[in-house]
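Student: Could we go through this model together, taking the enclosed parts and the charged pairs in turn?

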Amino acid sequence: MSREARTLSVPEGVAGERIDSALTRVLGLSRTTIVRLLEDGDIRTSGRVMAKSERVTSGQVIDVLMPEPLNQDPIPLTPLDGLRVVYDDEDIIVVDKPVGCAAHPSPGWMGPTVVGALTAAGYTISTSGPAERAGIVHRLDVGTSGLMIVAKTDRAYTTLKDAFRDHAVEKIYHALVQGHLDPVTGTIDAPIDRHPKEDHRFAVVAEGKESITHYEVIEFYRSVSLVKVELETGRTHQIRVHFSALNHPLVGDTTYGADPVLGKSLKMSRPWLHALELRFAHPVTREALVFNAPYAPDLQACLALLSDAVLP
């Protein structure tokens, strides 16, 4: 099967971004796929092969030899007992995602996914967006538990994507961070992009994307703080990166500098982070919706080690 050659002009909205990040957004392909195309010399500008570290400019003309279309096999079915449906109607599903479950299939991930689990349970999901991310309007890391919205119809998908882009969805998280935060309330306004040396991580960098995190300490424990976090933007690993930059990494988050000894003592093998609450307007009826999800069992067990009573 022949591969499609596509020519595009870089939109102003992604100007200044690295080529891999920009094309991931413009073409809807996974970043892994874009990187592979770059390494194979399949992405060019002015006749020359582009490098992964290059940044794009508004109006720049880029030629892309698109990858072979994926075979039309159905999304892998991944039944998952721990995935709880919080809300379900004709347009959307809200789920409480357990830890160890990805939002959607991706190269190298062989574990369960939200998309696969819902498909296995018989739910119909919107086909909008990249095939492997069908219906996904926002994501949680594999190691993060809590609330996610999945679109069942194309109309809901488009409306919700716009709502997230326009910061019209309120996302409340709880996190357990190392040390005692001072001040007890604040806003972290620091741009985020991929780490300049370690591709699997993100970092606060001067030319990164605008990233804003609001926080409020709920309770101090010995050597750690339980924090309410509200995201104004939704960058990958945003909460983890921002608190690490303050030298208060999330308990258990060794990728971003957490103390492994402390994490082990509190029985945390993943970042202590939970998507607790979502507030948004229904994409079709415009009804105001509010959903909450209780802490995952491992997070409750960690708090039990810090106090006599497990917090609700």
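Tutor: We can begin with helix H5 (residues 238-245), of which seven of the eight residues are buried, so this helix is largely enclosed by the rest of the structure. Buried here means under 20% relative accessible area, exposed over 50% and partly exposed in between, with a 1.4 Å probe and protein chains only. Helices are DSSP runs of H or I with at least four residues and strands are runs of E with at least two, numbered from the N terminus. This is a predicted model, in which local features need pLDDT of at least 70 and side-chain atom pairs count only at pLDDT 80 or more, while totals for chains, interfaces and linings use all residues. Residues are numbered from 1 along each chain as its sequence is written, and side-chain values use heavy atoms, with hydrogens and water left out.

Student: Which residue just after H5 takes a positive phi?

Tutor: The helix itself has Gln238, Ile239, Arg240, Val241, His242, Phe243 and Ser244 buried. Just after H5, a positive phi of about 65 degrees is taken by Asn247.

Student: Which side chain meets Arg240 in a salt bridge?

Tutor: A salt bridge requires a side-chain nitrogen of Lys or Arg within 4 Å of a carboxyl oxygen of Asp or Glu. The partner lies in the loop between H5 and helix H6 (260-265), so the pair ties together parts that are 13 residues apart in sequence. At 2.8 Å, N to O, the side chain that meets Arg240 is that of Asp253.

Student: How far apart are the closest N and O atoms in the salt bridge of Arg55 with Asp193?

Tutor: Arg55 counts as partly exposed because its relative accessibility is 33%, whereas Asp193 counts as buried at 10%. Salt bridges that share partners join Arg55, Asp193 and Glu207 into one network. For Arg55 and Asp193, the distance between the closest N and O atoms is 3.7 Å.

Student: In the salt bridge of Arg279 with Glu277, what separates the closest N and O atoms?

Tutor: Arg279 is partly exposed, with a relative accessible area of 35%, while Glu277 is buried at 15%. Their closest N and O atoms are apart by 2.5 Å.

Student: How many disulfides does the count come to?

Tutor: Cys101 counts as buried at 0% relative accessibility, and Cys302 likewise counts as buried at 0%. A disulfide is taken as a pair of cysteine sulfur atoms within 2.5 Å. By this rule, the number of disulfides is zero.
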